[in-house]
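Biologist: I would like to learn how to read charged side-chain pairs in a model. Could you take me through them step by step?

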Amino acid sequence: MLFQNEKFPIPVPAHSTMALIEDEPEDMDPWDMPELKDTGVPWSALDTKGKVLRVFVSVGKIVLLLGFLYMFICSLDILSSAFQLVGGKTAGDIFQDNSVLSNPLAGLVIGVLVTLLVQSSSTSSSIVVSMVSSGLLTVQVAVPIIMGTNIGTSVTNTLVATTQAGDRSTFRRAFAGATVHDFFNWLSVLVLLPLEVATGYLYEVTKLIIDSFKIESGEAPALLNVITDPLTESIIQLDQSVISGIATGDPEARNKSLILKWCQTFTNTVRPKLENCTSPTLCWVDGNYTFTLKNISETYNVQKCTHLFVNVNLPDLAVGLILLTLSLLVLCSCLVLIVKLLNSMLKGQVAAVIKKILNTDFPFPFGWVTGYIAILVGAAMTFIVQSSSVFTSAITPLVGIGVISIERAYPLSLGSNIGTTTTAILAAMASPGDTLANALQIALVHFLFNITGIVLWYPIPFTRIPIRLAKGLGSITAKYRWFAAVYIICCFFVIPLFVFSLSLAGWQVLVGVGVPILVLLIIILIINMLQKRKPSCLPAALRSWDFLPLWARSLAPWDKVVGVITAKCCCCCKCCQAASDDQEHGVQESAEKNKKAHTAVYDNPAMSADKEVEDEIKIELKILKMTRL
């Protein structure tokens, strides 16, 4: 809406419109970290009572922060269990189709989709390890699946970033800090998957390592699980062998529930006795008894579990949906409260000290070492919490509020990728001796994949392409917030499902459809680069995309469509509310009219005439006052 001034007939936006415009100063970098100002009373200005009170409040905030962080981690664990209950058996069925898994692209997509279903790269990796150990998969076939699990696990912190969409600047930084992990994984796969198919690089190097060292089996440590298991296991416990059993083709596993009923069992193996011996090679006689070579295992239930759903007669899907709803509610609530507490705590000198420690580089000439120390810190912290999703989801709010920069969050995320693979290596070392080599080789493939990705996309500043891509996507999502949902749905669901469907149709269809699309994307990318750097090399028509319709080169028309749809949805809700309000208002008006008609019968005409005279006198007095002013 525009208004014109009488003296200066220039259209000026209305105040209501100006409030919606959030133009940033041209000289201001949107990626500069904000100053977290301390609005409280300085410490020196407080008396003894005030200082004691502030200390108690600060300690209380730290305790609350640790409590919310504990609930946040536990809710991620419950969320993983919920996804396994909802889609665990489907994940096992997907892994069972070996003919599809032999296609590297299909294997990659299956790794992504299964990790999305179970929300745990550790679970999907353990399924792959069990299939390799049982001989259903070779290590070469399992390598692309491991790459896919690396991509699928990065969706959690991207979803966490969407909870900070309230403020544009915070959302810009948070979404970029989360998607820098996504871009690293996707770019690493784009380079290493073709290299692996052509040369078998990851398989050959890890096989050489396994053959060179005599590694004895050990036991994987449980660090953070010691703290979180008492709460999570009191809510739900799952039988992980069911998913692995479905994947390995066990017919009995399909009819079992994923909810663990008996926490302690005893298995006894006996040789059955037969009265008649039909074959001397398969049985023998000992006294009055005949024994066979085939053993029979009998399992006895000793102790029942004590979690909440042990006696609930609901299907796995219903329990999974209940846990999914509750865990998401707790997850979002804890995240919002953590961000609020961090905003209240990280102010003034405290914020300055923390930001200086996290974002300051070492003095010249050792500045390059800082990033590698951040990688080691990320690996160590992930090893402690034993989950890359937990660590990256925890630092995403810190990036959003401006405590950690994007440039520092990138090496921390790379370190988390290494940390989660070291946990897998230790878990693989706990395997039995006959399956130790294959299990350890798969874990080393995961480790070498991330190490090679770091070598490709970190040492030289020019090669840190994920940071630039994440900043570009962060700027787009800050302007068009709905694009964050489009990105998540397309990158983690639509594109993997599209590639998977093409893989099911065969190599001919995959090549016939995929190659033209890939070539078109490469051409568009090259033209974009030339438009920015050397437009003179292009024909006049290709120096800009203005020849395309606006909807094909800009998100602005789509933003209007989304705005109209959102407005219509809101309008429908408001219309329903307004209709009910109008109906109630109409009932009230009809009741008032009936009441007035009833009382009008008894009105005195003389009294009504006096009232009209009084009203006229009041109006005249108001006019006199206004003329005096």
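Modeller: What follows is a short walk through the salt bridges and their surroundings.

Modeller: This is a predicted model, in which local features need pLDDT of at least 70, side-chain atom pairs count only at pLDDT 80 or more, and totals for chains, interfaces and linings use all residues. Residues are numbered from 1 along each chain as its sequence is written, and side-chain values use heavy atoms, with hydrogens and water left out.

Biologist: How many salt bridges does the rule give?

Modeller: Side chains of opposite charge can pair when their charged atoms come close. With a salt bridge defined as a side-chain nitrogen of Lys or Arg within 4 Å of a carboxyl oxygen of Asp or Glu, the count is 3.

Biologist: Which residue pairs with Glu407, and where do the partners lie?

Modeller: Glu407 pairs with Lys471, their closest N and O atoms being 2.7 Å apart. Because Glu407 belongs to helix 16 (residues 406-428) and Lys471 to helix 18 (residues 465-479), the pair ties together parts that are 64 residues apart in sequence; helices here are DSSP runs (H or I, at least four residues), numbered from the N terminus.

Biologist: Where do Lys207 and Asp211 lie?

Modeller: Both are in helix 9 (residues 201-212), 4 residues apart, which is about one turn of the helix, and the closest N and O atoms of this salt bridge are 3.8 Å apart.

Biologist: Is Asp211 buried or exposed?

Modeller: Buried means under 20% relative accessible area, exposed over 50%, and partly exposed in between (1.4 Å probe, protein chains only). Asp211 is therefore exposed at 56%, whereas Lys207, at 33%, is partly exposed.

Terms used: Helix = DSSP H or I, 4+ residues; strand = E, 2+ residues; numbered from the N terminus.
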